[in-house]
Amino acid sequence: MARTQIIGTGSYAPEKVLTNADLEKIVDTTDEWITERTGIRKRRVAAPGETTSDMAVQAARRALEMAGVRPEELGLIVVGTVTPDMPMPSCAAVVQAKLGAKNAFAFDVSAACSGSLYALTVADQFIRTGQVKRALVIGAEMLSRTVNWEDRNTCVLFGDAAGAMVIAPTDDAERGLLSTHLYTDGSFAEILCIPGGGTSRPPCEEMLKEKLHTLHMNGREVFKFAVRALADSTHTALKANGLHVRDVDHVISHQANIRILEAVLQRLELPVDKCWLNLHEYGNTSSASLPMTLDEANRAGRLKQGDVVAMMAIGAGMTWGSAVMRW
């Protein structure tokens with residue numbers, strides 16, 4: 001089977017910047033408190049009328065341009081998101097129409113902040129088996145419309161954005177996606193969730209009053225779970241490919257909290273400077289975080305042919321995973 005190679009990357013963030021100083025006027029918090037505990041200084045917020053699919057399309061167009069691929073050449077579009085434009089149809093279907101990718105079948109995957117890594121893993125199977133020659137993988141999230149802006153523990157964390165990757169087969173044994181490794185533990189579902197709005201707690205006046213349609217998080221439990229899970233899954237991915245931590249040139253990670261990242265890198269015995277960081281500018285952009293970070297590192301010329309890139313992400317579910325590629 002052919003190996004999957006990323007041939008184009010793209011990202012998009014809305015124009016509106018919400019700083020920590022701005023948040024001081026909204027909730028009982030301070031710039032110092034947010035920065036010290038999360039590493040976040042700014043985040044982007046979508047404009048009124050802007051949708052998740054709008055952001056996804058912007059990122060996708062940039063990735064397609066880099067790849068030199070026309071929308072009609074795509075055979076597949078997979079979007080990782082938990083904030084689609086509407087419950088149905090999928091965000092991917094809306095993106096397909098907006099791009100004019102008339103030959104692509106399209107669907108969403110729901111894995112929260114792990115969404116883009118899950119989406120990449122799914123698309124990789126279609127490339128490896130030869131069913132698809134060109135695929136578009138997107139992570140797009142508009143969590144500003146799901147957080148409780150009265151809850152200082154969660155509203156300070158999230159930002160809106162989208163990231164995209166165009167993938168294609170390669171016969172080059174020295175390049176491409178080596179393997180991906182996905183995990184889920186639903187017994188931890190309640191530590192990070194949006195409890196209302198589904199079939200268990202349908203929309204109603206009481207649900208809205210109790211703000212069950214907004215994000216709820218047990219930060220302490222998420223932190224403990226994330227550090228262990230990300231470090232272990234990265235070790236698994238490296239071992240599966242006969243690689244050692246010392247072989248890693250770059251870490252491309254979902255970025256939720258600087259303390260989580262630092263703790264994971266410490267466990268892996270990797271220096272922080274091997275990990276591209278942008279959460280200080282964008283906050284936690286959920287499924288958009290990993291492809292957006294990859295795009296920034298790529299466009300900055302950081303990634304060189306043959307470099308070993310370790311990828312990792314974790315999200316509600318709990319869902320998490322890792323991947324290793326040679327750039």
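Leaving aside its neighbours within four places in sequence, which residues is leucine 270 in contact with? Here are some notes on that and on a few other spots; please keep in mind that this is a predicted model.

1. **Leucine 270 and its core.** Beyond its neighbours within four places in sequence, leucine 270 is in contact with Val245, Val248, Val251 and Leu265. Leu270 is also one of the residues that touch the most other members of the largest nonpolar core, a group that includes Val251, Val264, Ile314, Met318 and Val324 as well. That core has 46 residues in total. Two or more of its residues come from each of α7 (219-240), α8 (258-268), β12 (308-315) and β13 (319-326), and α7 gives the most, with 9 residues. Another core, of 29 residues, lies apart from this one and has Ile6, Val137, Leu290 and Ala313 among its members.

2. Serine 253 has methionine 312 of β12 as its bridge partner.

3. **The five-stranded sheet.** An open sheet is formed by 5 strands in the order β1-β7-β6-β4-β5, with mixed pairing. β1 (3-12) and β5 (105-109) are at the edges and have a single partner strand each, so one side of each lacks a neighbour in the sheet. On average, and with direction ignored, neighbouring strands are turned by 20° against each other. As a reminder, strands of a sheet pair through backbone hydrogen bonds, either parallel or antiparallel. Within this sheet, β4 (residues 76-80) and β6 (residues 135-141) take the parallel sense over 5 bridges, and glycine 80 stands opposite glycine 139 in β6.

4. **Helices against the sheet.** Helix α5 (residues 115-128) packs on the sheet and touches β1, β4, β5, β6 and β7 (161-170). The direction of α5 makes about 20° with that of β7. Helix α10 (residues 289-299), in turn, lies across β1, β6 and β7, and runs at about 95° to β1.

5. **An aspartate to look at.** Is aspartate 295 buried or exposed? This residue sits in helix α10, and its relative accessible area is 3%, so aspartate 295 counts as buried, the limit being under 20%. Leaving aside neighbours within four places in sequence, Asp295 is in contact with Thr9, Gly10, Ser11 and Met66.

6. **The largest pocket.** About 830 Å³ of space lies in the largest pocket. Its lining is made up of 35 residues, and Val82, Thr83, Pro84, Ile194 and Gly196 are the ones that lie nearest the centre. Both β9 (192-193) and α6 (205-209) supply at least two residues of this lining.

7. Lining it are Thr4, Gln5, Ile6, Arg175, Gly176, Leu177, Met325, Arg326 and Trp327. The elements giving two or more residues to this lining are β1, β8 (176-184) and β13, and the largest share, 3 residues, comes from β1.

Definitions and conventions:
Residues numbered from 1 in each chain as written. Predicted model: local features only at pLDDT ≥ 70, side-chain atom pairs only at ≥ 80, totals over all residues. Heavy atoms only, no water. Pairing = 2+ DSSP bridges. Helix = DSSP H or I, 4+ residues; strand = E, 2+ residues; numbered from the N terminus. Axes fitted to C-alpha atoms, helices over the stretch in contact; angles between N-to-C directions. Contact = heavy atoms within 4.5 Å. Core = buried A, V, L, I, M, F, W, Y, C linked by side-chain atoms within 4.5 Å. Buried < 20%, exposed > 50% of the residue type's maximum accessible area, 1.4 Å probe, protein only. 1 Å grid on protein atoms, 1.4 Å probe; cavity = no way out; pocket = protein on both sides within 12 Å on 5 of 7 lines; lining within 4 Å. Points joined across faces, edges and corners; volume = space filled by probe spheres on them.
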